[in-house]
Amino acid sequence: MKIGGLPAPISVNTEIHRNKLPPPLGQDHYAGHSACPEVQQIRRQIGQNQKIKGTQLLINQEQDQHLRYVFNKQTFPPLPSSPTQQQHHEEFQSRPYTYASVLQSRQQQQQQQHISYIKERLINQVTMIEKKVDNLKFTTSILETVIYETILPVIKVVHKCSFNNTRNTSALDELTKYSNDITYLLTKRDNNQLSKENANPSGSRVTQSSFNKSGQTTPMQQNDSLSTLSEWYSNTNKKEVVEKWLQERRKPDLGTTNMTILHYNIRYFHPNQCDLLDMISQHNPTVISLNKLGTIVSDKTIKQLLFSYNIFTSKGTNSHGGAVLAADKKLNAVPLNIHQLNCVAVQVIVKNQTYVLASIYSPPNEPVPLKTMSSLNRISKNVIIVGDLNVKHPNWGCTSMHHKGRLLVEWLENSDKYAIQNHGMKISLRSDTTIDLVLTTPTISLSHCGTLSYTELNNVLSTQQSGSIPHLSTLTRVNHLMEQLTQSLRHNSLSVVVYIDFLQAFDMLWHPGLILKLQHLHCPYAYLFWIVNYFQDRITTIDYQGHLSDQIVITRGAPQGSCFEPKVYIVNLFDLPQIFEYTRKVHLYVDDLALLYSPSIYLEYIKQTDEIQTRINNDMVKLEQYADNNHQPVNKNKMEFVVYHKLVQVPKIRIVYQGQCIQQQKTFKYLGFHLDSKLSFRDHDDQIHYDVRNHDDRLFQSSNDDNFTPKA
């Protein structure tokens, strides 16, 4: 009998059980005795149930660890930030996953990846073999052309000269035989019989103009033959001569029949050169379009950077504008004279089709060059226009609309010559507005039109930050600041740069604020757990002359000396440039902040100082709020500013931060460079001379030391 799923209690005779007496004759057992079959069966059942429960607990524990530490983008639960997401999260945890099924799916994925890798390698190897075979066939055809066009006619000329100067009968017979053989080969080549026996992949053949029916060579061929013979016998390395002949007759290979166009609104040419080169090396575009260079850049500088392209430029209506088209040299692009600033166009031929490619930049306060765009369509029916037109209209996905956008829409509807290819495409990290357009004529079909991964990804590293980023350095940031500063002083009498330093930047990193920012940036759930675990339970001790302090729990800051320290800090400050009025004039190198302020050119000098002082103090209030919210204090004792000017008397400006006036200096050392108020670099030169003299003095003292031993 069972009660509640368990065996019913059995009464046991304690007296008989204590004495361990055997059962009397005629009876099988005593109830409750250890030798009782029912008791033994109950004990075996209890032991078996315990084993099953223990095994199930081990399986559940292994399954829980596997699902916790193995991250899969398709099955991993999102971070619950709302009741609905929390409910989905609980439903996900309640799904029945087994360890065997997860392990089986992983093995299948590994096998598929291995098979695809082997397949890709085999395809690449077969492709390389086919290329080598084609190159050998092409080389053979070129050598045949050289033999039949040059060498055999030369031998015929030499034979004629030798035949006229030879009186030996046997030699004359040999020369006659050679002459007949050469004539037969040339005739056979002329009739295209040799090309049928030995296939020629390049399709090259000797035309009728190479030699006439009678086998007589022209004077030009005789001169070429003599120069070829001279070149052949004057060089000892015959392989180089043959390679030279092959290079002279080899046509350029475009590599692909598709034409790839890369458009980049570069904004600042010098600091963004590395990004441009990275995109070129990754995508290998045939044509490159650059708009809004940010400064006056010489053609020589652009040609040195893009040396494998033919460069075509157009000046801008201001120093920030300009347009550049860089076409691959294999295209043989021809420039078009359109006589329009901020516009450049070329004409190319691809697969016997003529195309017109144009790069146009339209500043915000200038109209779109519609007449120029119409004239391009009269040159060719295949036109591609790319550029930063600064036009907004809902027809291509903008949330707002202005006058330039309405004019462009009316022109497109009336002319019916162009169509926009990038509707609603995000083209900027700063906003979701589509103002860079790709326009084509109806005769062109684009296989793909999209933004690069640089703008598709959630790029948290702003362009104003140059610290701990590949291909960027302190010199990059200083050049960017100097470029903006010199441009400002061209049109203004003064400019102000405020230099700010954060107090114990790496040691004051606030962990909860960093995790919250990463969560808002949609950081993967597994990475968030890893970072939280990385900062938890960190302790340190202080060693002073052999005496160790008690363990100190670290609740702020990043571990010093680790590669994770600078990265996590610049990610924590990714939103700092957005709090200021002009984000493009914010300069960051890890924790070194520089703010550039230029007055309005439409104000008088007295009003300029008041206007710029008001703007700076407003930004200081925003900086104070940001520092309080992020628990990242600013070192007020190291905050300074310099007024860069071209005046006789230094302008006086009062800047306040947290009730304390910031000191005005005549020079400041920014990232190793001494920048004085006149930008004369005299202080920087003096410091370099001082360092060199001290270095020479130390070397002189070391060389006079008795224990000094020079190294080889």
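Colleague: Tyrosine 670 in this predicted model: is tyrosine 670 buried or exposed?
Modeller: The model is a predicted one, and the cut-off for buried is under 20% relative accessible area. Tyrosine 670 has a relative accessible area of 3%, so tyrosine 670 is buried.

Colleague: What about tyrosine 499, buried or exposed?
Modeller: Again the limit is under 20%. Tyrosine 499 has 2% relative accessibility, so this residue counts as buried.

Colleague: How many aromatic pairs are there, and how are the planes of the tyrosine 499 and tyrosine 670 rings arranged?
Modeller: The count comes to nine aromatic pairs. For tyrosine 499 and tyrosine 670, the ring centres are 5.5 Å apart and the planes make 45 degrees. Planes under 30 degrees apart count as stacked and over 60 as edge-to-face, so at 45 degrees this pair is tilted.

Colleague: And how many residues apart in sequence are the parts that the tyrosine 499 and tyrosine 670 pair ties together?
Modeller: Tyrosine 499 sits in strand β13 (residues 494–501), while tyrosine 670 belongs to strand β24. The pair therefore ties together parts whose separation in sequence is 171 residues.

Colleague: Tyrosine 534 and phenylalanine 564 form an aromatic pair too; which kind?
Modeller: Their centres are 5.1 Å apart and the angle between the planes is 75 degrees. Tyrosine 534 is in helix α16 (residues 525–535) and phenylalanine 564 in helix α17 (residues 564–572), so the pair ties together parts 30 residues apart in sequence. With planes over 60 degrees apart as the criterion, the pair is edge-to-face.

Colleague: Which residue lies over the face of tyrosine 534?
Modeller: Tyrosine 534 is also part of one aromatic cluster with Trp530, Phe535 and Phe564. A charge sits over a ring only if it is within 6 Å of the ring centre. The residue over the face of tyrosine 534, at 4.9 Å from the ring centre, is arginine 538.

Colleague: Back to β24: where does leucine 671 lie, and what is its phi?
Modeller: Leucine 671 is in the loop between β24 (667–670) and β25 (673–676). At 17% relative accessibility, leucine 671 counts as buried. Although leucine 671 is not a glycine, its phi is positive, at about 55 degrees.

Colleague: And leucine 679, what is its phi?
Modeller: Leucine 679 is placed in the loop between β25 and α19 (682–704). It is buried, with a relative accessible area of 18%. This residue other than glycine has a positive phi, near 55 degrees.

Colleague: How many of the residues of strand β20 are buried?
Modeller: On one side, Glu640, Val642 and Tyr644 are buried. Strand β20 (residues 640–645) is largely enclosed by the rest of the structure, because the buried count is six of the six residues.

Colleague: Does β20 pair with β23 in the parallel or antiparallel sense?
Modeller: With β13, β20 pairs in the antiparallel sense over six bridges, and valine 498 stands opposite phenylalanine 641 there. Phenylalanine 641 also has glutamine 664 in β23 as its bridge partner. β20 and strand β23 (residues 663–665) pair over three bridges, and the sense is parallel.

Colleague: Now the open sheet of four strands: which strands stand at the edges?
Modeller: The order is β3-β4-β6-β5, with mixed pairing. Each edge strand has a single partner strand, so one side of each is left without a neighbour in the sheet; these are β3 (261–265) and β5 (309–314).

Colleague: What is the bridge partner of asparagine 310 in β6?
Modeller: β5 and strand β6 (residues 323–328) pair in the antiparallel sense over six bridges. In β6, the partner of asparagine 310 is alanine 327.

Colleague: Which helix lies across β3, β4 and β5?
Modeller: The helix covers residues 273–283 and runs at about 165 degrees to β3. Lying across β3, β4 (287–291) and β5, this is α9.

Colleague: Last one: is glycine 424 buried or exposed?
Modeller: Glycine 424 lies in the loop between β11 (419–420) and β12 (436–440). Not counting residues up to four places away in sequence, glycine 424 touches Trp396, Gly397 and Thr434. The cut-off for exposed is over 50%, so at 52% relative accessibility glycine 424 counts as exposed.

Methods
Residues are numbered from 1 along each chain as its sequence is written. This is a predicted model: local features need pLDDT of at least 70, side-chain atom pairs count only at pLDDT 80 or more; totals for chains, interfaces and linings use all residues. Side-chain values use heavy atoms; hydrogens and water are left out. Helices (H or I, at least four residues) and strands (E, at least two) are DSSP runs, numbered from the N terminus. Buried means under 20% relative accessible area, exposed over 50%, partly exposed in between (1.4 Å probe, protein chains only). Two strands pair if DSSP finds at least two bridges between them. Contact means heavy atoms within 4.5 Å. Axes are lines fitted to C-alpha atoms, for helices over the stretch in contact, and angles run from 0 to 180 degrees between N-to-C directions. Rings of Phe, Tyr and Trp (its six-membered ring) pair if their centres lie within 6.5 Å; planes under 30 degrees apart count as stacked, over 60 as edge-to-face and the rest as tilted. A charge sits over a ring if NZ of Lys or CZ of Arg is within 6 Å of the ring centre and within 35 degrees of the ring normal.
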